[in-house]
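Open the model in your viewer and get the selection tool ready. We will walk through some charged pairs, one stop at a time.

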Amino acid sequence: MLAAVVSHAMERAAPATSASQNGSPIDWQVVTMDGQRVKPAPEAIRRARETYPELRERDLARKLGVSEADYVAAYCGISAVRIEPRAPEIMDGLNAVGEVMALTRNESAVHEKIGVYENRLGEGEGAFAMLGSEINLRVFPPLWAHGFAVEKPGKDGPRRSLQFFDAAGEAVHKVHLRPASDLGAYDALIGRLGSGDQSPGIETRVVPTRETGDLAMAQARRDELRQRWQEMTDIHQYHGLLVDFALTRHQAVRIAGDDLAWPLAPAGVAEMMGQAVAAALPIMCFVGSRGCIQIHAGPIAGTKEMGPWLNVLDETFHLHLRTDQIAETWAVRKPVAEGHVTSIEAYDAAGSLVIQFFGLRERGRDERGDWRALVERLPRLQQPDAA
């Protein structure tokens, strides 16, 4: 009965305004008889794709009220193969595929690196790293819930990719093949990872975010927080500090004090990147999803603004950053055994970390003086009241 209701609703669903006519949002009213919204069936998702071919897949999924993974899963048995999301095995197998493009994104930033998956460090039960000369990742396998091998037509032949999602259907990491990729190794990897279930559609669920404590209570412990912060000898101790005080990164920087964290002017990221380009200063750029963090390490050749997007279009590194979705930018100082390291952290309106930058440094050495000086020169804002 429910399937019939969904099918009937999709057949009679019509957009209130056509995106092709005036760019207005599509209003898909897919509801049951009691007014509850229902996830469109896979065939309905495919019909919507045919009706609105100009929309990006991620945008179409959002218009339909489904996750991106729901969209991809609708094509299982047609142009997608469901694969087991065994992250360590995937990364090891990708080494033989050779040159690919690795992509990790969140709502406001897209990070792309061209290179080879190599040098896995760690066993992969909770987390591991890929430390290649170009592709540098921190991977969290327990959060990888769904995987697909996807093939789509392109002007120069089929476009192939591996796409991985969390339990909520949000993308955690993608791998796009390039002309130099080894198709035989790619096919062999899919063969090893192929799932016995190739039916279209998936089940998704809400993934809870990490709960945080009472900010007022953390402020009452501010002196203790600052002492622990100043006693750090390794940057990786910072995560434990946040856990112990039940704080998000955003909450921590807002109460730490301006000797440890200070807010920058709204254009702080663009200003920093422009100065880094001019000085050929090597930087580290981090963009994370829920299940993966992707890192660029090295100089950037240039930036290009296109509307709200700030772009890097270098040979092996592409970055696409929605600067209009950055609500706050902070410079943050963290002690290490050799001195301290300084980062620039950009947050969206919900307080989620969008992107993070460091100066490139060698392990066991203090950070570069030119990076530290660059951050110190960036225009500051008056410290906001913690809220």
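One definition before we start: buried means under 20% relative accessible area, exposed means over 50%, and partly exposed is in between (1.4 Å probe, protein chains only). This is a predicted model, where local features need pLDDT of at least 70, side-chain atom pairs count only at pLDDT 80 or more, and totals for chains, interfaces and linings use all residues. Residues are numbered from 1 along each chain as its sequence is written, and side-chain values use heavy atoms, leaving out hydrogens and water.

Select Arg-226 to begin; with a relative accessible area of 17%, Arg-226 is buried. Arg-226 sits in helix H9 (residues 222–230) and Asp-259 in the loop between helix H11 (249–255) and strand S10 (261–264), so the pair ties together parts 33 residues apart in sequence. Helices (H or I, at least four residues) and strands (E, at least two) are DSSP runs, numbered from the N terminus. Asp-259 is partly exposed, at 30% relative accessibility.

Next, select Asp-70 and Lys-39, joined by a salt bridge of 2.9 Å, N to O. Asp-70 is buried at 4% relative accessibility, whereas Lys-39 is partly exposed at 34%.

For the last stop, pick Arg-62 and Glu-107, which meet in a salt bridge at 3.2 Å, N to O. Then widen the selection to Arg-58, Asp-59, Glu-68 and Lys-174: together with Arg-62 and Glu-107, they are linked in a network of salt bridges. How many salt bridges does a search of the whole structure find? There are 27.

Note on methods. A salt bridge is a side-chain nitrogen of Lys or Arg within 4 Å of a carboxyl oxygen of Asp or Glu.
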